[in-house]
Amino acid sequence: MRVLVTGGAGFIGSNFVLRTLATRTDVDVSVLDAFTYAANPASLLGVDGKEVCEVIRGDIRDAELVERLVQRFDAVVHFAAESHNDNSLVDADPFVSTNVMGTVNLAKACAASDVRLHHVSTDEVFGDLALDDPTRFTTTTPYRPSSPYSASKASADHFVRAWVRSLGLAATISNCSNNYGPRQHPEKFIPRQVCGLIRGRRPRVYGTGDNVRDWIHVDDHNDAVWAILDRGEVGQTYLIGADGERSNLEVVGDILAGFDRSRDDFVHVTDRPGHDRRYAIDPESMEELGWEPRYRDFTAGLAATIEWYRDNEDWWADAYDAAEAGYAQREREL
């Protein structure tokens with residue numbers, strides 16, 4: 001099986017590539033990545049310093065390139081996306097062009113060449129739930145995106161569905177909860193706090209910190225994607241979650257505990273506009289495929305993640321410095 005992974009030098013994509021190479025000897029993997037700031041070439045290097053698979057440097061917004069490449073593969077797993085909410089509030093244009101138009105290019109090319117497409121989306125397309133709401137997101141939950149980022153992903157989902165229904169595209173969609181694990185860009189919530197603590201900086205928490213996220217280890221997410229590729233039904237949407245609801249305060253407390261620090265040794269900062277209150281995934285659609293998460297103990301998975309960042313400062317140091325400079329600039333402009 002020949003698989004093209006878009007965004008394969010990013011967080012979830014690179015972990016998908018490495019896990020696939022380690023567990024699926026019957027799969028030949030290639031990567032298409034534009035290598036924006038969020039990608040890290042080091043994520044795709046083996047111990048010998050060579051790239052672990054074919055890596056194509058190119059942009060999914062390049063329709064001609066996408067059409068030419070897709071013909072070589074049996075399936076495309078589409079991770080490539082602009083994905084940072086704060087950045088989308090400053091400038092929505094890259095999110096529209098990459099997340100919407102890039103996905104449309106892939107849908108067109110896959111339909112034209114009869115190539116299977118799996119589109120990786122997010123639970124943020126559903127908006128948020130009240131903190132005391134007993135329900136969770138399901139495959140029938142209406143879309144209510146809150147940020148330009150989540151709106152762009154919602155739009156991409158709809159375009160994929162339109163191509164399935166009207167233009168013969170063989171595609172599946174997955175909406176996953178918040179991922180954590182190794183190789184995540186240090187602008188994101190968990191690695192930002194971890195890397196900051198390694199550098200001697202106290203964690204930052206938006207607003208009250210009561211906001212709840214549903215956490216899943218990146219390996220569990222990627223195993224779920226393979227379950228969909230192997231056993232999923234074309235045209236269907238699958239929700240991937242690990243029953244991992246935790247407030248931001250709890251997560252920061254767990255991180256601090258991992259550094260033998262007091263759980264309340266953090267700084268409150270001004271909340272961001274439109275900050276979603278709670279995400280929660282009902283994973284029933286994945287359980288029907290026989291998938292279940294391996295990392296059920298969040299603190300154990302978090303401890304391993306912290307250890308990875310301790311051991312790999314060369315991987316994240318420059319990206320962390322650049323991200324913090326960007327945050328500082330935005331704070332000065334407020």
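Helices (H or I, at least four residues) and strands (E, at least two) are taken here as DSSP runs, numbered from the N terminus. The model is a predicted one, in which local features need pLDDT of at least 70 and side-chain atom pairs count only at pLDDT 80 or more, while totals for chains, interfaces and linings use all residues. Residues are numbered from 1 along each chain as its sequence is written, and side-chain values use heavy atoms, with hydrogens and water left out.

Seven strands form an open sheet with parallel pairing, in the order β3-β2-β1-β4-β5-β6-β10; two strands pair if DSSP finds at least two bridges between them. At the edges, β3 (54–57) and β10 (237–240) each pair on one side only. Within the sheet, β4 (residues 75–78) and β5 (residues 116–122) run parallel and are joined by four bridges, with V76 opposite L117 in β5.

Angles run from 0 to 180 degrees between N-to-C directions, along axes fitted as lines to C-alpha atoms, for helices over the stretch in contact. Helix α5 (residues 148–167) touches β5, β6 (171–176) and β10, and its direction makes about 155° with that of β5. Helix α1 (residues 11–23) lies across β1 (2–6), β2 (28–33) and β4, running at about 165° to β2.

The UniProt record, in an unreviewed entry, lists residues 4–296 as "domain: NAD(P)-binding"; such annotations may be inferred rather than shown by experiment. Over residues 4–296 the chain is 37% helix and 18% strand, with the end C-alpha atoms 30 Å apart.

Definitions and conventions: Contact = heavy atoms within 4.5 Å.
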